[in-house]
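The following paragraphs lead through the structure shown below, from its secondary structure to its surface and one pair of side chains.

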Amino acid sequence: SHKETLKIASEKLEDIAIELRDFSTMSIPLDMTMMPEFKTVIREFRRKLITLATKGNKTAVYQLAIQLFPLSKVDNKDIGIELH
């Protein structure tokens with residue numbers, strides 16, 4: 001479903017006026033041992049958005065996709081993170 005969401009987002013980037021969407025990207029250096037904190041902040045952000053979305057008159061359905069992934073080569077053995 002993530003691939004399908006990205007495909008739809010790519011199409012919407014071309015089809016939907018900028019006033020009706022928000023696409024943003026940032027590349028950031030980070031300490032891999034802080035990954036649990038980054039994930040916590042992302043979860044809190046999503047919870048706040050859900051709370052906000054329950055207010056007002058619902059007139060449209062939107063998809064929110066958040067991706068956090070390494071651009072550089074990452075070796076979990078070097079940072080002591082157990083992969084599942």
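Helices are DSSP runs of H or I with at least four residues, numbered from the N terminus. The model is a predicted one. With helices defined in this way, the protein has 3 of them and 0 strands, and the order from the N terminus is α-α-α. Ile66 falls in the loop that connects α2 to α3, the latter being residues 76–79. Phe69 is also placed in the loop between α2 and α3.

How much of the protein is buried? Of its 84 residues, 1% count as buried. The accessible surface amounts to about 8,200 Å², and carbon and sulfur atoms account for 58% of that area.

Phe69, at 54% relative accessibility, counts as exposed because the value is over 50%. The C-alpha atom of Phe69 is 9.8 Å from that of Ser27, although 42 residues along the chain separate Phe69 and Ser27.

Ile66 also belongs to a nonpolar surface patch, together with Phe45, Leu49, Leu52 and Leu64. The accessible area of these residues together is about 440 Å².

Next comes the largest pocket, which holds about 2,200 Å³ of space. Its lining is made up of 47 residues, and those closest to the centre of the pocket are Asp22, Ser24, Leu64, Ala65 and Ile66. Which helices supply at least two residues each to the lining? They are α1, residues 2–15, and α2, residues 35–53. The largest share comes from α2, with 10 residues. By residue type, the lining consists of 31 nonpolar, 9 polar and 7 charged residues.

The last feature is a pair of charged side chains. Side chains of opposite charge can pair when their charged atoms come close. In this model the count is 1 salt bridge, and the side chains of Glu11 and Lys7 form a salt bridge with an N to O distance of 3.5 Å. That distance meets the criterion because the cut-off is within 4 Å. Glu11 and Lys7 are 4 residues apart in helix α1, so about one helical turn separates them. Glu11 counts as partly exposed at 39% relative accessibility, and Lys7 counts as partly exposed at 47%.

Note on methods
Residues are numbered from 1 along each chain as its sequence is written. This is a predicted model: local features need pLDDT of at least 70, side-chain atom pairs count only at pLDDT 80 or more; totals for chains, interfaces and linings use all residues. Side-chain values use heavy atoms; hydrogens and water are left out. Buried means under 20% relative accessible area, exposed over 50%, partly exposed in between (1.4 Å probe, protein chains only). Accessible areas come from the Shrake-Rupley method with a 1.4 Å probe; for residues, only the protein chains shown count as cover. On a 1 Å grid over the protein atoms alone, a cavity is a set of points where a 1.4 Å probe fits but cannot get out, and a pocket is an open set with protein on both sides within 12 Å along at least five of seven lines; lining residues have an atom within 4 Å of a point. Grid points are joined across faces, edges and corners, and a volume is the space filled by probe spheres set on the points. Ala, Val, Leu, Ile, Met, Phe, Trp, Tyr, Cys and Pro count as nonpolar, Asp, Glu, Lys and Arg as charged, and the others, Gly among them, as polar. Patches are made of residues with over 30% relative accessible area and no salt bridge: like charges are joined within 9 Å, nonpolar side chains (Val, Leu, Ile, Met, Phe, Trp, Tyr) within 5 Å.
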